[in-house]
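Hello,

I am passing a structure on to you, together with some notes on its aromatic rings. Please have a look at it first, and then read on below.

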Amino acid sequence: MRILIANDDGIDAPGIALLRRAASRVATDIWVVAPERKWTAASHHLSFDRDLTLTRREKQVHALDGTPADCVVAAMTVLFRDGGKPDLVLSGVNDGRNAAEDAAYSGTLSIAREASFWDVPAIGFSRTKGGTSEEQDVAALAALIDNLWQRRAAWSREGAYLSVNLPKELPATIGLATIGRDKIAGAADVQAEDGDRIVWRIRRGRPHTSRPGDENSLIDSGRIAIVRHCWIDGAPLDADLAADLNTALSRTSASPV
């Protein structure tokens, strides 16, 4: 079994070390491709506009001077260009939860989403700040990875990937969460204002909005929150809408100017 690990906090982040230790208890063929630096709210940015460099840190461990999503592309198109793509992609463990609108902003989840584009099962792990990397944490995370892998038929499908939020304390019970609303970047601080020029900064933090059954409610209760995302399904529209639009447009085009 081959596992590819990436993250958005950088190759030297404690979270990826924890994930690597846990994954090594599930499989022996572990590859790491992670950014050289931390990317915050990088989303799914791909670096089309410049050359990228992979630097080998040790056997099967590479640092990339690119974005989190670039790391998956680097593995699939460069490191595994002769075949042997991974069986599973793991992302994280992110330093802080990824809930609600974070699914769009998160570099951690962009890694899992990018893996799903390559039809590889993928899981993005995030964790409430303050967790440790002690033996019980490694063992709990390894058991979770192994059990999710063994039960992948229940969650892996075309275009789908998992977002798993871990509480500070592990081990913990698991809950299947709904996606809530808890938008980051909802406020700004004006630094200076001079005529036509305004200097401002996006305010960090989140409102910690929570409703029963969503990711935040499960995390705050000390549970592991699992959500399945799927980019391929879209949001189907009522079939009558096309007919209504065509009728309206035909009337418009028939009207005299």
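Let me start with Arg-37, whose charged end sits over the ring of Trp-39 at 3.8 Å from the ring centre. (A charge sits over a ring if NZ of Lys or CZ of Arg is within 6 Å of the ring centre and within 35 degrees of the ring normal.) Arg-152 is placed over the face of Trp-149, 3.7 Å from the ring centre.

Before going further, please note that this is a predicted model: local features need pLDDT of at least 70, side-chain atom pairs count only at pLDDT 80 or more, and totals for chains, interfaces and linings use all residues. Residues are numbered from 1 along each chain as its sequence is written, and side-chain values use heavy atoms, leaving out hydrogens and water.

How many aromatic pairs does a search of the whole structure find? There are 2, counting rings of Phe, Tyr and Trp (its six-membered ring) with centres within 6.5 Å; planes under 30 degrees apart are stacked, over 60 edge-to-face and the rest tilted.

Trp-31 and Phe-80 form an edge-to-face pair, 5.0 Å centre to centre with 80 degrees between the planes. Trp-31 is buried at 14% relative accessible area, and Phe-80 is buried at 5% (buried means under 20%, exposed over 50%, partly exposed in between, with a 1.4 Å probe and protein chains only).

Phe-117 and Trp-231 also pair edge-to-face, at 4.9 Å and 90 degrees. Here Phe-117 is partly exposed at 38%, and Trp-231 is partly exposed at 40%.

Best wishes
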